[in-house]
Amino acid sequence: FRYKDLQFFCLDSNREFFYLWTQRQWLKEKLEASTAKWKIVVIHHPLYSVKGNLNNLIQRWMFDDLIQQYDVALVLQGHEHAYARRTVKSSSSSSQPSSIHIISHCSPKAYRINPPEGRFDRIEKDIRTYQKVRISGDTLVWTAFDAEKGTLIDSLCIKLH
């Protein structure tokens, strides 16, 4: 769905290979046609897991290249009952982020995780979170809050290049 300069693309990652392939084709078509300044993909299974290097490889293989190719700013994910933020750098410039991947949840259940070293910019265990996204012109401000305390735990600002 689209709201002004922001467009969301929601995917169902809890499906078999052929259904994911159909979603890949759909996502490619919709991203190619999008004229939105800001694109956000919402998907249940994280493309880069906090539980190990090999988790969710099919989802990563299906969608990650499209996310990079079509300048998706944020990838909002869940499933792993932890909080994590990962900056994916653009292949053309090591200083400019291509997309920001966020893993979060608000369930009382927490998993024991042993995240791959160096994969994430920020990780929080045993915390439930909610996020806010604010857009003003060429700037997107994203903030994450502790759902129980209401305190800020993470934030970032993305400016269009």
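A: Lys125 is partly exposed, with a relative accessible area of 45%, where buried means under 20%, exposed means over 50% and partly exposed covers what is in between, using a 1.4 Å probe and protein chains only. Before going further, note that this is a predicted model, in which local features need pLDDT of at least 70 and side-chain atom pairs count only at pLDDT 80 or more, while totals for chains, interfaces and linings use all residues. Residues are numbered from 1 along each chain as its sequence is written, and side-chain values use heavy atoms, with hydrogens and water left out.

Lys125 sits in the loop between E7 and E8; strands (E, at least two residues) and helices (H or I, at least four) are DSSP runs numbered from the N terminus. Although Lys125 and Ala110 are 15 residues apart along the chain, their C-alpha atoms are separated by 7.6 Å. When neighbours within four places in sequence are left aside, Lys125 is in contact with Ile113 and Pro115, contact meaning heavy atoms within 4.5 Å.

Asp126 belongs to the loop between strand E7 (122–124) and strand E8 (129–136), and it is exposed, with a relative accessible area of 63%. Asp126 has a positive phi of about 55° although it is not a glycine. Most residues other than glycine have a negative phi. Lys4, in the loop between strand E1 (2–3) and strand E2 (6–10), also is not a glycine and has a positive phi of about 55°, and Lys4 is exposed at a relative accessible area of 64%.

Arg2 lies in strand E1 and is partly exposed, at 39% relative accessible area. Not counting residues up to four places away in sequence, Arg2 touches Gln7, Thr35 and Ala36, and the C-alpha atoms of Arg2 and Ala36, 34 residues apart along the chain, are separated by 7.9 Å.

In soluble globular proteins, nonpolar side chains tend to be buried together.

Finally, a search of the whole structure finds 0 disulfides, a disulfide being a pair of cysteine sulfur atoms within 2.5 Å. For Cys106, the closest cysteine sulfur, in Cys10, is 18 Å from its own sulfur, so the two are too far apart for a bond. Cys157, at 47% relative accessibility, counts as partly exposed.
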